[in-house]
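Dear colleague,

Please find below the structure that I am handing over to you.

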Amino acid sequence: MLVTDVNEALPGGSSLLRNEPVQARSSARLTGLLDAAAGIIDEIGFERLTTAMVAERAGASIGTVYRYFPDRIAVVEALAARSIARLLERLGAAIGEADSADWHSALDLAITAQVEMYRSEPGFRAIRFSETETADRSGDADARRSLSDQLTSHLVEIFSLERTADLEFAIEVATELSTSLVARAFLHDPQGDSRFIDESREVVAAYLERIASV
């Protein structure tokens, strides 16, 4: 991902940011801040993250951090938005390469994409995916849409689906099942416990088979 595209990778445009980076240098600076936050989160967890730590790790002033983010929570939210955007980008590429026939099989590819992100994307372990955990603080719901909501939009566009309440619910359930089990797989193993990863595929496949008429 190009540094100049960082702000565009955030759902809702740059609405998670205090100031939109309009120049390549500003976008690079934002990338550096998010990369620094991701590295710190991997080391000590997001609960202990501070804006001062982000500034020090990125080699920036605290004022630079506050130029874009009002607090550490906003940093984590922007990092989550970037990670989910990268996850969906990876999924889209996988669907294209696999010539996936339907959205059911695409959800298995989504599990693969999650596993790859856990293994390779700094800070990904800190992401919270459910609707309640991505609840909006400021009234801008589009900027903090849940993974299942964004995944639904992604699959609707790729497979030219009709976005119905039943489809949204099915994808939300499948996403909740897979993200919970995949997260558990990486709780103690940096490469992921294959038992939980395999089980997530089995559980989602069984659920989708049961609702095959959706």
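The crossing of helix 4 and helix 5 is right-handed, a crossing being left-handed if the near helix is turned anticlockwise from the far one by less than a right angle, and right-handed if clockwise. Helices (H or I, at least four residues) and strands (E, at least two) are DSSP runs, numbered from the N terminus.

Please note that this is a predicted model, in which local features need pLDDT of at least 70 and side-chain atom pairs count only at pLDDT 80 or more, while totals for chains, interfaces and linings use all residues. Residues are numbered from 1 along each chain as its sequence is written, and side-chain values use heavy atoms, with hydrogens and water left out.

The chain comprises 8 helices and 0 strands.

Helix 4 (residues 72-98) and helix 5 (residues 103-120) pack at about 130°, with axes 9 Å apart. Axes are lines fitted to C-alpha atoms, for helices over the stretch in contact, and angles run from 0 to 180 degrees between N-to-C directions. Helix 4 is therefore oblique to helix 5 (under 35 degrees counts as roughly parallel, over 145 as roughly antiparallel, 65 to 115 as roughly perpendicular and the rest as oblique). The residues of this contact between helix 4 and helix 5 divide into 10 nonpolar, 3 polar and 3 charged. In this classification, Ala, Val, Leu, Ile, Met, Phe, Trp, Tyr, Cys and Pro count as nonpolar, Asp, Glu, Lys and Arg as charged, and the others, Gly among them, as polar.

The axes of helix 5 and helix 7 come within 11 Å and cross at roughly 30°, which means that helix 5 is roughly parallel to helix 7. The contact of helix 5 with helix 7 has 11 nonpolar, 3 polar and no charged residues.

Leu-208 touches Trp-103, His-104 and Leu-107, not counting residues up to four places away in sequence; contact means heavy atoms within 4.5 Å.

Yours sincerely
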